[in-house]
Amino acid sequence: MKTKIETNVLIIGSGPAGYTAAIYAARANLKPHLVSGLEPGGQLTITTDVENYPGFGDVIQGPWLMEQMKEQALKVGTEFHHDIINKVSFDNNPFSAVTDSGLEFSAKSIIIATGAQARWLNIESENKFKGFGVSACATCDGFFFKDQNVIVVGGGNSAVEESLYLTNFASKVTLIHRRDSLRAEKILQERLFNHPKIDVIWNHTVDEFIGSEEPLSLNKIKIKNVKDNNEKIMEATGAFIAIGHDPSTYLFKNKIEMDSENYIITKSDSTETNIKGVFAAGDVKDKIYRQAVTAAGMGCMAALESEKYIAENY
Ligand code: NAP
(Lines give C-alpha, C1' and ligand atoms only; values in the text may rest on other atoms or scores of the structure.)
Protein backbone atom coordinates (compact mmCIF):
# COMPACT_ATOMS: atom_id res chain seq x y z
CA MET A 1 0.00 0.00 0.00
CA LYS A 2 1.29 3.42 -0.96
CA THR A 3 1.93 5.45 2.17
CA LYS A 4 3.24 8.70 0.65
CA ILE A 5 0.67 10.76 -1.21
CA GLU A 6 1.31 14.03 -3.00
CA THR A 7 -1.78 16.12 -3.57
CA ASN A 8 -2.90 19.59 -4.61
CA VAL A 9 -5.54 19.75 -1.92
CA LEU A 10 -5.90 17.79 1.28
CA ILE A 11 -9.35 18.15 2.83
CA ILE A 12 -9.63 17.25 6.50
CA GLY A 13 -13.19 16.45 7.55
CA SER A 14 -16.30 14.97 5.96
CA GLY A 15 -19.24 17.18 6.91
CA PRO A 16 -21.04 19.47 4.45
CA ALA A 17 -17.99 21.80 4.33
CA GLY A 18 -15.50 19.01 3.56
CA TYR A 19 -17.64 17.28 0.94
CA THR A 20 -18.56 20.51 -0.82
CA ALA A 21 -14.89 21.54 -0.90
CA ALA A 22 -14.13 18.10 -2.38
CA ILE A 23 -16.82 18.43 -5.05
CA TYR A 24 -15.55 21.84 -6.17
CA ALA A 25 -11.86 20.91 -5.97
CA ALA A 26 -12.42 17.69 -7.90
CA ARG A 27 -14.40 19.50 -10.60
CA ALA A 28 -11.49 21.98 -10.86
CA ASN A 29 -9.32 18.93 -11.67
CA LEU A 30 -7.28 19.32 -8.49
CA LYS A 31 -7.67 15.61 -7.64
CA PRO A 32 -8.33 16.27 -3.94
CA HIS A 33 -7.81 13.76 -1.13
CA LEU A 34 -10.30 13.84 1.71
CA VAL A 35 -9.61 12.29 5.11
CA SER A 36 -12.94 11.68 6.81
CA GLY A 37 -12.09 11.69 10.52
CA LEU A 38 -13.69 9.72 13.33
CA GLU A 39 -17.30 10.46 12.44
CA PRO A 40 -17.63 10.27 8.64
CA GLY A 41 -20.41 12.59 7.52
CA GLY A 42 -20.11 14.79 10.58
CA GLN A 43 -22.88 16.06 12.82
CA LEU A 44 -25.65 15.53 10.26
CA THR A 45 -25.21 11.78 10.58
CA ILE A 46 -26.61 12.01 14.10
CA THR A 47 -29.62 14.09 13.03
CA THR A 48 -32.90 12.78 11.72
CA ASP A 49 -35.24 15.15 9.88
CA VAL A 50 -33.67 17.94 7.85
CA GLU A 51 -36.16 20.43 6.46
CA ASN A 52 -34.00 23.50 5.93
CA TYR A 53 -31.44 22.27 3.40
CA PRO A 54 -32.55 23.87 0.13
CA GLY A 55 -33.47 21.74 -2.84
CA PHE A 56 -35.75 19.18 -1.22
CA GLY A 57 -39.52 19.60 -1.18
CA ASP A 58 -39.94 16.77 1.30
CA VAL A 59 -38.25 16.28 4.64
CA ILE A 60 -34.96 14.40 4.19
CA GLN A 61 -32.80 12.49 6.65
CA GLY A 62 -29.39 13.81 7.78
CA PRO A 63 -27.46 10.54 7.21
CA TRP A 64 -28.99 10.19 3.73
CA LEU A 65 -27.98 13.77 2.84
CA MET A 66 -24.39 13.05 3.87
CA GLU A 67 -24.33 9.80 1.87
CA GLN A 68 -25.46 11.77 -1.18
CA MET A 69 -22.74 14.40 -0.64
CA LYS A 70 -20.13 11.68 -0.34
CA GLU A 71 -21.36 9.92 -3.47
CA GLN A 72 -21.27 13.20 -5.40
CA ALA A 73 -17.72 13.95 -4.18
CA LEU A 74 -16.52 10.46 -5.17
CA LYS A 75 -18.22 10.58 -8.59
CA VAL A 76 -16.38 13.73 -9.60
CA GLY A 77 -13.01 12.31 -8.60
CA THR A 78 -12.29 12.78 -4.89
CA GLU A 79 -9.97 10.24 -3.25
CA PHE A 80 -11.64 9.31 0.03
CA HIS A 81 -9.78 7.96 3.07
CA HIS A 82 -11.64 6.63 6.10
CA ASP A 83 -8.83 7.61 8.42
CA ILE A 84 -7.82 10.18 11.05
CA ILE A 85 -5.12 12.82 10.67
CA ASN A 86 -3.04 12.73 13.83
CA LYS A 87 -0.22 15.12 12.90
CA VAL A 88 -0.03 18.13 10.69
CA SER A 89 2.73 20.59 9.90
CA PHE A 90 2.36 23.97 8.22
CA ASP A 91 6.07 24.81 8.66
CA ASN A 92 7.03 24.14 5.05
CA ASN A 93 5.07 24.28 1.85
CA PRO A 94 3.99 21.74 0.58
CA PHE A 95 2.45 21.07 3.98
CA SER A 96 2.56 17.63 5.58
CA ALA A 97 0.04 15.49 7.43
CA VAL A 98 0.11 11.94 8.76
CA THR A 99 -2.84 9.62 9.45
CA ASP A 100 -3.44 6.92 12.05
CA SER A 101 -2.98 4.21 9.43
CA GLY A 102 0.37 5.66 8.32
CA LEU A 103 -0.53 7.65 5.19
CA GLU A 104 1.83 10.59 4.73
CA PHE A 105 0.40 13.49 2.78
CA SER A 106 2.37 16.22 1.10
CA ALA A 107 -0.19 18.88 0.16
CA LYS A 108 0.09 22.17 -1.73
CA SER A 109 -2.97 23.39 0.13
CA ILE A 110 -5.06 22.17 3.04
CA ILE A 111 -8.74 22.75 3.73
CA ILE A 112 -9.64 22.29 7.38
CA ALA A 113 -13.27 21.22 7.75
CA THR A 114 -13.13 19.30 11.01
CA GLY A 115 -16.38 20.73 12.39
CA ALA A 116 -17.38 20.85 16.02
CA GLN A 117 -18.36 18.46 18.78
CA ALA A 118 -20.96 18.42 21.54
CA ARG A 119 -20.25 20.33 24.75
CA TRP A 120 -20.80 18.71 28.17
CA LEU A 121 -21.81 20.21 31.51
CA ASN A 122 -18.53 18.98 33.02
CA ILE A 123 -19.89 17.96 36.38
CA GLU A 124 -18.42 14.87 38.01
CA SER A 125 -21.54 12.68 37.97
CA GLU A 126 -22.04 13.41 34.25
CA ASN A 127 -18.93 11.41 33.40
CA LYS A 128 -20.08 8.53 35.54
CA PHE A 129 -23.45 8.24 33.80
CA LYS A 130 -22.32 8.97 30.23
CA GLY A 131 -23.71 6.08 28.23
CA PHE A 132 -25.76 4.95 31.24
CA GLY A 133 -28.53 7.53 30.99
CA VAL A 134 -26.60 10.68 30.10
CA SER A 135 -26.16 11.39 26.39
CA ALA A 136 -25.40 14.28 24.03
CA CYS A 137 -27.31 12.78 21.12
CA ALA A 138 -31.05 12.23 21.25
CA THR A 139 -31.15 10.82 17.74
CA CYS A 140 -28.54 8.21 18.67
CA ASP A 141 -29.90 7.21 22.06
CA GLY A 142 -33.53 8.40 22.30
CA PHE A 143 -34.82 5.02 21.23
CA PHE A 144 -33.60 3.48 24.50
CA PHE A 145 -35.93 5.65 26.58
CA LYS A 146 -39.29 4.31 25.43
CA ASP A 147 -42.08 5.26 27.89
CA GLN A 148 -39.61 6.86 30.32
CA ASN A 149 -39.12 10.35 31.76
CA VAL A 150 -36.21 12.22 30.26
CA ILE A 151 -34.75 15.69 30.55
CA VAL A 152 -33.00 17.88 28.01
CA VAL A 153 -30.60 20.63 29.06
CA GLY A 154 -30.18 23.78 26.96
CA GLY A 155 -32.15 26.55 25.32
CA GLY A 156 -31.00 26.64 21.70
CA ASN A 157 -32.26 24.97 18.52
CA SER A 158 -30.56 21.71 19.41
CA ALA A 159 -32.21 21.46 22.83
CA VAL A 160 -35.65 22.18 21.38
CA GLU A 161 -35.21 19.82 18.42
CA GLU A 162 -33.93 17.07 20.72
CA SER A 163 -36.89 17.59 23.07
CA LEU A 164 -39.35 17.30 20.21
CA TYR A 165 -37.59 14.26 18.82
CA LEU A 166 -37.58 12.54 22.20
CA THR A 167 -41.39 12.76 22.41
CA ASN A 168 -41.37 9.93 19.83
CA PHE A 169 -40.18 7.60 22.57
CA ALA A 170 -40.35 9.10 26.06
CA SER A 171 -43.55 9.43 28.06
CA LYS A 172 -42.49 12.87 29.29
CA VAL A 173 -39.75 15.30 28.30
CA THR A 174 -38.66 18.14 30.58
CA LEU A 175 -36.51 20.88 29.12
CA ILE A 176 -34.29 22.52 31.71
CA HIS A 177 -32.91 25.91 30.85
CA ARG A 178 -30.68 28.24 32.86
CA ARG A 179 -32.55 31.40 31.79
CA ASP A 180 -36.21 32.38 31.38
CA SER A 181 -36.25 32.50 27.59
CA LEU A 182 -35.03 30.27 24.78
CA ARG A 183 -32.68 31.27 22.01
CA ALA A 184 -34.17 28.68 19.63
CA GLU A 185 -36.05 29.77 16.49
CA LYS A 186 -39.63 30.90 17.16
CA ILE A 187 -41.19 28.17 15.02
CA LEU A 188 -39.41 25.51 17.09
CA GLN A 189 -40.36 27.23 20.35
CA GLU A 190 -44.01 27.19 19.28
CA ARG A 191 -43.87 23.46 18.58
CA LEU A 192 -42.20 22.89 21.94
CA PHE A 193 -44.66 24.94 24.00
CA ASN A 194 -47.64 23.31 22.25
CA HIS A 195 -46.44 19.77 22.75
CA PRO A 196 -48.47 17.91 25.39
CA LYS A 197 -45.54 15.69 26.41
CA ILE A 198 -43.09 18.57 27.04
CA ASP A 199 -42.65 20.73 30.16
CA VAL A 200 -40.10 23.50 30.57
CA ILE A 201 -38.34 24.34 33.83
CA TRP A 202 -36.86 27.83 33.64
CA ASN A 203 -33.90 29.32 35.52
CA HIS A 204 -32.47 25.98 36.59
CA THR A 205 -29.16 24.20 36.09
CA VAL A 206 -28.31 20.55 36.64
CA ASP A 207 -26.24 20.00 39.75
CA GLU A 208 -25.94 16.24 39.90
CA PHE A 209 -26.91 13.02 38.16
CA ILE A 210 -27.95 10.33 40.61
CA GLY A 211 -28.58 6.65 39.97
CA SER A 212 -28.08 3.07 40.98
CA GLU A 213 -24.74 1.31 40.88
CA GLU A 214 -25.51 -2.20 39.70
CA PRO A 215 -26.40 -2.03 36.97
CA LEU A 216 -25.17 1.54 36.58
CA SER A 217 -28.22 3.56 35.56
CA LEU A 218 -29.54 7.06 36.01
CA ASN A 219 -32.81 7.57 37.86
CA LYS A 220 -32.73 11.04 39.46
CA ILE A 221 -31.46 14.50 38.66
CA LYS A 222 -30.68 17.24 41.13
CA ILE A 223 -31.47 20.66 39.72
CA LYS A 224 -30.84 24.10 41.19
CA ASN A 225 -32.77 27.32 40.84
CA VAL A 226 -30.25 29.96 39.73
CA LYS A 227 -32.31 32.75 41.35
CA ASP A 228 -32.63 31.42 44.91
CA ASN A 229 -30.23 28.44 44.87
CA ASN A 230 -33.03 26.09 45.95
CA GLU A 231 -32.39 22.52 44.94
CA LYS A 232 -34.84 19.84 43.97
CA ILE A 233 -34.70 16.25 42.82
CA MET A 234 -36.51 15.10 39.69
CA GLU A 235 -37.21 11.55 38.57
CA ALA A 236 -35.71 10.85 35.14
CA THR A 237 -33.88 7.94 33.57
CA GLY A 238 -32.42 9.84 30.64
CA ALA A 239 -30.64 13.19 30.36
CA PHE A 240 -29.71 14.76 27.05
CA ILE A 241 -27.18 17.56 27.11
CA ALA A 242 -27.72 20.01 24.24
CA ILE A 243 -25.73 23.08 25.24
CA GLY A 244 -23.76 23.76 22.10
CA HIS A 245 -20.52 22.66 20.57
CA ASP A 246 -16.77 23.20 20.60
CA PRO A 247 -14.74 23.35 17.42
CA SER A 248 -12.55 20.32 16.64
CA THR A 249 -9.27 22.19 16.47
CA TYR A 250 -7.06 20.31 18.93
CA LEU A 251 -4.82 19.10 16.08
CA PHE A 252 -4.07 22.67 15.03
CA LYS A 253 -3.41 24.18 18.46
CA ASN A 254 -0.49 26.65 18.34
CA LYS A 255 -0.15 26.02 14.60
CA ILE A 256 -2.79 28.34 13.27
CA GLU A 257 -4.50 31.48 14.51
CA MET A 258 -7.58 30.77 16.66
CA ASP A 259 -9.87 32.89 18.82
CA SER A 260 -10.35 32.55 22.58
CA GLU A 261 -12.89 29.74 22.03
CA ASN A 262 -10.51 27.84 19.70
CA TYR A 263 -12.39 28.62 16.49
CA ILE A 264 -10.03 29.10 13.54
CA ILE A 265 -9.84 32.71 12.45
CA THR A 266 -10.23 33.43 8.74
CA LYS A 267 -9.96 36.66 6.80
CA SER A 268 -13.08 38.67 6.18
CA ASP A 269 -15.24 37.31 3.30
CA SER A 270 -12.74 34.49 2.88
CA THR A 271 -11.79 31.07 4.23
CA GLU A 272 -8.09 31.97 4.21
CA THR A 273 -6.33 31.47 7.55
CA ASN A 274 -3.19 33.27 8.72
CA ILE A 275 -1.18 30.63 6.85
CA LYS A 276 -1.16 31.07 3.08
CA GLY A 277 -2.50 27.94 1.42
CA VAL A 278 -4.44 26.77 4.48
CA PHE A 279 -8.18 27.36 4.46
CA ALA A 280 -10.90 26.68 7.04
CA ALA A 281 -14.58 26.08 6.33
CA GLY A 282 -17.72 25.20 8.28
CA ASP A 283 -18.27 24.89 12.04
CA VAL A 284 -14.54 24.81 12.73
CA LYS A 285 -14.46 28.54 11.97
CA ASP A 286 -18.11 29.54 12.37
CA LYS A 287 -19.76 30.00 15.73
CA ILE A 288 -22.62 32.11 14.42
CA TYR A 289 -24.55 30.30 11.71
CA ARG A 290 -23.46 26.64 12.05
CA GLN A 291 -25.85 25.40 9.40
CA ALA A 292 -25.26 22.63 6.89
CA VAL A 293 -25.97 25.06 4.09
CA THR A 294 -23.57 27.74 5.36
CA ALA A 295 -20.89 25.09 5.96
CA ALA A 296 -21.40 23.84 2.39
CA GLY A 297 -21.09 27.41 1.10
CA MET A 298 -17.83 27.87 2.96
CA GLY A 299 -16.55 24.55 1.60
CA CYS A 300 -17.18 25.88 -1.89
CA MET A 301 -15.34 29.11 -1.06
CA ALA A 302 -12.38 27.19 0.36
CA ALA A 303 -12.04 25.05 -2.78
CA LEU A 304 -12.21 28.09 -5.08
CA GLU A 305 -9.65 29.95 -2.95
CA SER A 306 -7.42 26.90 -2.85
CA GLU A 307 -7.60 26.59 -6.66
CA LYS A 308 -6.60 30.25 -7.01
CA TYR A 309 -3.77 29.84 -4.49
CA ILE A 310 -2.32 26.85 -6.34
CA ALA A 311 -2.60 28.58 -9.73
CA GLU A 312 -0.75 31.61 -8.39
CA ASN A 313 1.92 29.79 -6.40
CA TYR A 314 2.79 26.62 -8.33
P1 NAP B 1 -26.61 27.25 21.07
O2 NAP B 1 -27.53 27.93 20.14
O3 NAP B 1 -25.26 27.81 21.34
O4 NAP B 1 -27.39 27.06 22.44
C5 NAP B 1 -26.77 26.49 23.55
C6 NAP B 1 -27.77 26.56 24.70
O7 NAP B 1 -27.21 25.87 25.81
C8 NAP B 1 -28.07 27.98 25.12
O9 NAP B 1 -29.44 28.11 25.38
C10 NAP B 1 -27.24 28.14 26.38
O11 NAP B 1 -27.85 28.95 27.33
C12 NAP B 1 -27.20 26.74 26.93
N13 NAP B 1 -25.96 26.47 27.67
C14 NAP B 1 -24.68 26.65 27.27
N15 NAP B 1 -23.81 26.25 28.22
C16 NAP B 1 -24.56 25.80 29.24
C17 NAP B 1 -24.26 25.22 30.50
N18 NAP B 1 -22.99 25.03 30.89
N19 NAP B 1 -25.28 24.88 31.31
C20 NAP B 1 -26.57 25.05 30.92
N21 NAP B 1 -26.92 25.56 29.73
C22 NAP B 1 -25.93 25.92 28.90
O23 NAP B 1 -26.30 25.72 20.61
P24 NAP B 1 -27.19 24.75 19.74
O25 NAP B 1 -28.57 24.70 20.18
O26 NAP B 1 -26.39 23.50 19.70
O27 NAP B 1 -27.14 25.39 18.30
C28 NAP B 1 -25.90 25.73 17.73
C29 NAP B 1 -26.12 26.37 16.38
O30 NAP B 1 -26.64 25.40 15.48
C31 NAP B 1 -27.12 27.52 16.42
O32 NAP B 1 -26.69 28.51 15.54
C33 NAP B 1 -28.39 26.90 15.94
O34 NAP B 1 -29.23 27.81 15.30
C35 NAP B 1 -27.86 25.86 14.95
N36 NAP B 1 -28.80 24.73 14.85
C37 NAP B 1 -29.75 24.84 13.90
C38 NAP B 1 -30.69 23.83 13.74
C39 NAP B 1 -31.72 23.98 12.67
O40 NAP B 1 -31.71 24.99 11.99
N41 NAP B 1 -32.61 23.05 12.48
C42 NAP B 1 -30.67 22.72 14.58
C43 NAP B 1 -29.70 22.65 15.59
C44 NAP B 1 -28.76 23.68 15.72
P45 NAP B 1 -28.05 30.55 27.11
O46 NAP B 1 -29.20 30.66 26.16
O47 NAP B 1 -28.34 31.03 28.46
O48 NAP B 1 -26.75 31.03 26.56
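Pro215 sits in the loop that links β14 (204–212) to β15 (217–225), where strands (E, at least two residues) and helices (H or I, at least four) are DSSP runs numbered from the N terminus. The peptide bond joining Glu214 to Pro215 is cis, with omega about 0°. A cis bond also leads from Asn93 to Pro94, with omega near 0°, and Pro94 is placed in the loop between β6 (85–89) and β7 (95–99). The model is a predicted one, in which local features need pLDDT of at least 70 and side-chain atom pairs count only at pLDDT 80 or more, whereas totals for chains, interfaces and linings use all residues. Residues are numbered from 1 along each chain as its sequence is written, and side-chain values use heavy atoms, with hydrogens and water left out.

Asp147, in the loop between α4 (138–141) and β11, has a positive phi near 60° although it is not glycine. With a relative accessible area of 59%, Asp147 is exposed; here exposed means over 50% relative accessible area, buried under 20% and partly exposed in between, using a 1.4 Å probe and protein chains only. Asp269, in the loop between β18 (245–247) and β19 (278–280), likewise is a non-glycine residue with positive phi, about 55°. Asp269 is exposed at 77% relative accessibility.

Turning to the strands, an open sheet of five has the order β10-β17-β11-β12-β13, with parallel pairing; two strands pair if DSSP finds at least two bridges between them. Its edge strands, β10 (134–135) and β13 (198–201), each pair on one side only. Five bridges connect β11 (residues 149–153) with β12 (residues 172–176) in the parallel sense, and Asn149 stands opposite Lys172 in β12.

Within strand β17 lies Phe240, which is buried at 0% relative accessibility. Beyond its neighbours within four places in sequence, Phe240 is in contact (heavy atoms within 4.5 Å) with residues including Val150, Ile151, Val152, Glu162 and Leu166. From Phe240 to Pro94 the C-alpha to C-alpha distance is 43 Å, and the two are 146 residues apart in sequence.

Helix α5 (residues 157–166) lies across β11, β12, β13 and β17 (238–241), at about 165° to β11; axes are lines fitted to C-alpha atoms, for helices over the stretch in contact, with angles from 0 to 180 degrees between N-to-C directions. The axes of α5 and α6 come within 10 Å and cross at roughly 35°. Among the residues that meet there are Val160 and Leu164 in α5 and Leu188 and Leu192 in α6.

In α6 (residues 186–193), Leu188, Gln189 and Leu192 are buried. These buried residues fall within an arc of 100° seen down the axis, so they line one face of the helix, the arc being that of the directions from the helix axis to the C-beta atoms. They pack against α5, β12 and β13, while Lys186 and Glu190 on the other side of α6 are exposed.

Finally, the largest nonpolar core has 29 residues, of which Val9, Ile11, Tyr19, Tyr53, Leu65, Met69 and Ile111 touch the most other members. Such a core is a set of buried Ala, Val, Leu, Ile, Met, Phe, Trp, Tyr and Cys residues joined through side-chain atoms within 4.5 Å. The largest share of this core, seven residues, comes from α7.
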